Amino acid sequence: MKKSTLNKVNELIERYPALKMCREDLNNSVKIICESFQKGNKLITCGNGGSAADSQHIVGELMKSFVLPRSIVHFDTEFYNRLMANYPDDADYFMKNLQCALPAISLVGETALTTAFANDQAADLIFAQQVLGIGNQGDVLLAITTSGNSANVLYAVKVAKLKGIKTVALTGRTGGKIKSLADISICAPADSAHTIQEFHLPIYHMFCIAAENEFFGD
């Protein structure tokens, strides 16, 4: 792993010194997320309320350029060569607009699936069902819960662990039940939901910046 990738943790802590206590967990999270992408796996995210919005925000930063260019010409020559061979008339348009992606998916946006499953089966298993269906060994589940006790998030973590999926939790100071359940728990040094979320945003932005640097940085 690039030194500059792990240095993103140091840069985060310089801006938010209260996160110094989380340094080891932040470093380890960056490592397992990047290792998962390196092996062709994906990041799965979930959360409720504001954390649901955060889980979708993360996907938005990973699936397209965030702070660095991600030219297909430079980083995916195999795709570029297939494009030129098969659709040369579209090549300029594709190359101008398409960007290399880091595969990520949020579990909060599948309205038809989640409402059907909540109605027909069990509402607190809506994330667990999706992890069961799309999660693969080697993926990483980033589970966000400010209390650490959200039942649907906890169940998703349990199913993930059964499937060989690494689990990283973003939670609050006490950690709640998820602290001892997830492989890594990053406990933001705050107690109320909104102040915990104020730490979560720069933390997950750092994850996205670090991963982007690892695969698309100089």
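At what angle do H1 and H2 pack, and how far apart are their axes? I found an angle of about 145°, with the axes 10 Å apart. Axes here are lines fitted to C-alpha atoms, for helices over the stretch in contact, and angles run from 0 to 180 degrees between N-to-C directions.

**Ground rules.** I noted that this is a predicted model, where local features need pLDDT of at least 70, side-chain atom pairs count only at pLDDT 80 or more, and totals for chains, interfaces and linings use all residues. Residues are numbered from 1 along each chain as its sequence is written, and side-chain values use heavy atoms, leaving out hydrogens and water.

Next I checked burial in H1. Thr 5, Lys 8, Val 9, Leu 12 and Ile 13 are buried. Buried means under 20% relative accessible area, exposed over 50%, and partly exposed in between (1.4 Å probe, protein chains only). The cover over these residues includes helix H2 (23–38) and helix H11 (193–216).

**Entry on H1 and H2.** I listed who meets whom, with contact meaning heavy atoms within 4.5 Å. From H1 come Thr 5, Leu 6, Val 9, Asn 10, Leu 12 and Ile 13. They meet Arg 23, Leu 26, Asn 27, Val 30, Lys 31 and Cys 34 in H2.

**Entry on aromatic pairs.** How many aromatic pairs does the structure hold? I found 2. Rings of Phe, Tyr and Trp (its six-membered ring) pair if their centres lie within 6.5 Å; planes under 30 degrees apart count as stacked, over 60 as edge-to-face and the rest as tilted.

Phe 37 is buried at 8% relative accessibility. Phe 215 is partly exposed at 22%.

Phe 75 also pairs with Phe 216: centres 5.0 Å apart, planes at 85°, so edge-to-face. Phe 75 lies in helix H4 (residues 72–75) and Phe 216 in H11, so the pair ties together parts 141 residues apart in sequence. Phe 75 is partly exposed at 36%. Phe 216 is buried at 9%.

Definitions and conventions. Helices (H or I, at least four residues) and strands (E, at least two) are DSSP runs, numbered from the N terminus.
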